[in-house]
Amino acid sequence: MTKGRMVIFLTLLIITLGITACGNRTEGPDGGTGDGADTQAAQTGQIGQTEQNTQTEQSTQTEQNTQTEQDAQPEQTKWSEQAAQAQQADTTSSDPTLAAESEVSGKALIVYFSWSGNTEKVAAGIQSRTGADIFEIVPQEAYTEDYDSLLGIAQEEQKNGARPAISDMVENMDGYDLIYVGFPNWWGDMPMILYSFFDEYDLSGKTIAPFCTSGGSGLSDTVRTIKTLEPDALVLDGLHIGSSEAADPESAVKEWLDNLGLAE
């Protein structure tokens, strides 16, 4: 073979090998097959599909969340209304003024026991501002008019847990919603004849407004005692009138009734 034919042969061989190589597929560095263009196209297609799937999932999830929120709104509204009602009820129960205004809708009665006349004056002041009916607790056996002797009797009654008898009865106690209860403070407590009154009448469901007179002992623990004796009644903040105010209790009575929302 001449040199010129050899060159032609080699040239044809190189061309043939090149065409054959273009027709074969090569293995990529990640173990996959195909050239760079095919790999990029495949990757682009996968990314596009992934984005579409992601958008579809996000759209579906958004619709589900929206529907869930819409379904929950009526229940949430009901809970909100219940919470508001509960809060209003809690506020009413803790505020004596609101409690008095919401609970008292019927007739009122003033019940009082008075030895010196001071408590009677306060009871009259309450009646003049409220128009309530009035009932005086009168013992069947009258107390002594001597103050020093009275102190001994009152102390002995407390020691023995006495229940002095009451000479008369309240007519139609069931017809009253609000009961004002007045008494003098004897030895840091109500006179025992008041215990007789609370033993006699069940004031469940009624509102009790206590008031007392004393030289300086205040209400002592009488409000808590009344709550114990009448656990199913609403007992409001009490009024104390000192000896110096007893002759003219109008101002103190007005302020007390105004604060409780009970004045007419």
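The legends below describe close-up views of a predicted model.

Local features are reported at pLDDT of at least 70 and side-chain atom pairs only at pLDDT 80 or more, whereas totals for chains, interfaces and linings use all residues. Residues are numbered from 1 along each chain as its sequence is written, and side-chain values use heavy atoms, with hydrogens and water left out.

View 1. The space in the largest pocket amounts to about 380 Å³. A pocket is an open set of points on a 1 Å grid over the protein atoms alone where a 1.4 Å probe fits, with protein on both sides within 12 Å along at least five of seven lines; lining residues have an atom within 4 Å of a point. Grid points are joined across faces, edges and corners, and the volume is the space filled by probe spheres set on the points. Of the 21 lining residues, Tyr 147, Asn 185, Trp 186, Ser 214 and Gly 215 lie nearest the centre. Two or more lining residues come from each of α4 (118–130), α5 (147–160), β4 (207–214) and β6 (239–242), and α5 gives the largest share, 4 residues. Helices (H or I, at least four residues) and strands (E, at least two) are DSSP runs, numbered from the N terminus. The lining has 9 nonpolar, 12 polar and no charged residues, where Ala, Val, Leu, Ile, Met, Phe, Trp, Tyr, Cys and Pro count as nonpolar, Asp, Glu, Lys and Arg as charged, and the others, Gly among them, as polar.

**View 2. Two loop residues with positive phi.** Trp 187, in the loop between β3 (176–184) and α6 (192–200), has a positive phi of about 50° although it is not a glycine. Trp 187 is partly exposed, with a relative accessible area of 47%; buried means under 20%, exposed over 50%, and partly exposed in between (1.4 Å probe, protein chains only). In the loop between β4 and α7 (222–229), Ser 220 has a positive phi near 50° and is partly exposed at 40% relative accessibility.

**View 3. The largest nonpolar core.** This core has 32 residues, and Ile 137, Leu 194, Phe 197 and Phe 198 have the most contacts inside it. A nonpolar core is a set of buried Ala, Val, Leu, Ile, Met, Phe, Trp, Tyr and Cys residues joined through side-chain atoms within 4.5 Å. Elements giving two or more residues to the core are β1 (107–112), α5, β3, α6, β4 and α7; the largest share, 6 residues, belongs to α6.

**View 4. Surroundings of Ile 137.** Leaving aside residues up to four places away in sequence, Ile 137 touches Val 111, Tyr 112, Phe 113, Ile 166, Ile 193, Leu 194 and Phe 197 (contact: heavy atoms within 4.5 Å). A second, separate core of 21 residues includes Tyr 112, Ala 123, Leu 178 and Leu 260.
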